[in-house]
Amino acid sequence: MGKDFEKFMSQLQETNQTLDFFCDFEKIAQNVEDIKLSLCMLNSLLGATDMRKAVETIWKRDKSAFNVMDILIAVRSEGKKKVLDSLGQCVALDSLFTSVDGVMEFLEGTGLAEVFQSKKINDLVDYVFGIETGLDTNARKNRSGHVMEEMVARIFDKNGVCYRQEVYSSEWPAITRVLGDDEKRFDFIVKTATKTYLIEVNFYSGGGSKLNEVARSYSDIAPKINSVHGFEFVWITDGIGWKSAKNKLQEAYSIIPSIYNLTDIAEFVKIVK
């Protein structure tokens with residue numbers, strides 16, 4: 001049977017997100033636990049009438065406690081974040097944590113001093129847990145791809161399809177030759193008695209230029225891989241985001257023989273079994 005692109009498009013799913021997609025609370029809790037001792041020490045700043053004196057007290061006891069203060073403004077600096085100090089000089093944010101004056105400049109400049117003294121925050125551990133939850137939303141884009149990989153893995157497991165994950169093209173000299181200098185990592189490898197399938201997996205719930213780039217890239221590498229005897233490139237993709245890049249996907253659909261979504265992946269399972 002010939003491929004039906006319009007049918008393929010009609011099968012695209014709106015989302016692949018389950019409730020555990022939104023927040024990785026295990027990671028969040030661990031991030032907070034790693035700095036909990038410092039946060040507990042900084043709690044003594046809450047409600048302080050003399051902020052500088054309170055800072056000096058902590059500084060004398062353990063000045064390293066201030067190294068975690070960047071997270072209080074929802075930043076992970078690690079020496080990379082630059083700011084303008086009170087003199088208008090460009091400095092690393094965490095360089096302010098190397099002196100009492102610097103700490104005071106940070107607290108006053110960010111507005112945290114007023115927040116602390118007015119006790120708008122009651123506990124920095126709980127406060128940072130909330131910040132970490134907010135920052136974790138930045139990881140959702142990566143999680144979407146991982147969720148799709150997990151879904152495909154479950155389908156393979158359920159159907160008894162043997163596979164390997166995250167395999168590099170350098171494993172096969174013939175593939176390396178046709179792909180050139182750029183080493184390619186494939187999400188899945190399925191090997192049968194007659195053929196090795198090199199598989200890419202992704203899901204796009206929203207549009208963007210990346211979709212065009214992905215379609216263009218796979219349209220380029222698929223014929224190269226398929227030209228090597230015993231190998232075939234397979235692309236498993238889904239998501240209504242493709243509706244915004246329909247023309248580019250249709251072009252890829254005409255070039256790549258093996259494109260599947262979560263609905264018709266059963267056809268691929270039949271082939272490899």
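## Salt bridges, cores and contacts

Arginine 164 has a relative accessible area of 40% and is therefore partly exposed. On this scale, buried means under 20% relative accessible area and exposed over 50%, with partly exposed in between (1.4 Å probe, protein chains only). The structure is a predicted model, in which local features need pLDDT of at least 70 and side-chain atom pairs count only at pLDDT 80 or more, while totals for chains, interfaces and linings use all residues. Residues are numbered from 1 along each chain as its sequence is written, and side-chain values use heavy atoms, with hydrogens and water left out.

**Salt bridges.** Side chains of opposite charge can pair when their charged atoms come close. A salt bridge is counted when a side-chain nitrogen of Lys or Arg lies within 4 Å of a carboxyl oxygen of Asp or Glu. The structure holds 12 salt bridges, including those tabulated here.

| Salt bridge | N to O distance |
|---|---|
| Arginine 76 and glutamate 132 | 2.6 Å |
| Arginine 164 and glutamate 171 | 2.8 Å |
| Glutamate 166 and arginine 185 | 3.9 Å |

Glutamate 166 belongs to strand 3 (residues 164-168) and arginine 185 to strand 4 (residues 185-191), so their pairing ties together parts that are 19 residues apart in sequence. Strands (E, at least two residues) and helices (H or I, at least four) are DSSP runs, numbered from the N terminus. Both partners are partly exposed, glutamate 166 at 43% relative accessible area and arginine 185 at 36%. Glutamate 171, the partner of arginine 164, is partly exposed at 38%.

**The glutamate 132 site.** The side chains of arginine 76 and glutamate 132 meet in a salt bridge (2.6 Å, N to O). Arginine 76 sits in the loop between helix 4 and strand 1 (82-84), and glutamate 132 in helix 7, so this pair ties together parts that are 56 residues apart in sequence. Helix 7 spans residues 124-136. Glutamate 132 is buried, with a relative accessible area of 3%, whereas arginine 76 is partly exposed at 46%. The two side chains are also joined by a polar contact of 2.6 Å, a term for a pair of N or O atoms within 3.5 Å; within protein, one must be able to donate a hydrogen and the other to accept it, and residues adjacent in sequence count only if both atoms are side-chain atoms. Beyond neighbours within four places in sequence, glutamate 132 is in contact (heavy atoms within 4.5 Å) with Ile28, Asn31, Val32, Ile71 and Arg76.

**Nonpolar cores.** A nonpolar core is a set of buried Ala, Val, Leu, Ile, Met, Phe, Trp, Tyr and Cys residues joined through side-chain atoms within 4.5 Å. The largest has 37 residues, of which Leu45, Phe66, Leu107 and Phe116 touch the most other members. Two or more residues each come from helix 3 (36-42), helix 4 (51-62), helix 5 (100-110), helix 6 (112-117) and helix 7. Apart from this core lies another, of 30 residues, among them Ile189, Phe233, Trp242 and Ala245.

Glutamine 13 lies in the loop between helix 1 (5-10) and helix 2 (25-34) and is partly exposed at 27%. Its C-alpha atom is 9.2 Å from that of phenylalanine 203, 190 residues apart along the chain. Residues up to four places away in sequence not counted, glutamine 13 touches Phe203, Asp238, Gly239, Ile240, Leu262 and Thr263. The structure holds 0 disulfides, a disulfide being a pair of cysteine sulfur atoms within 2.5 Å. Cysteine 90 is exposed at 56% relative accessibility, and cysteine 162 is exposed at 66%.
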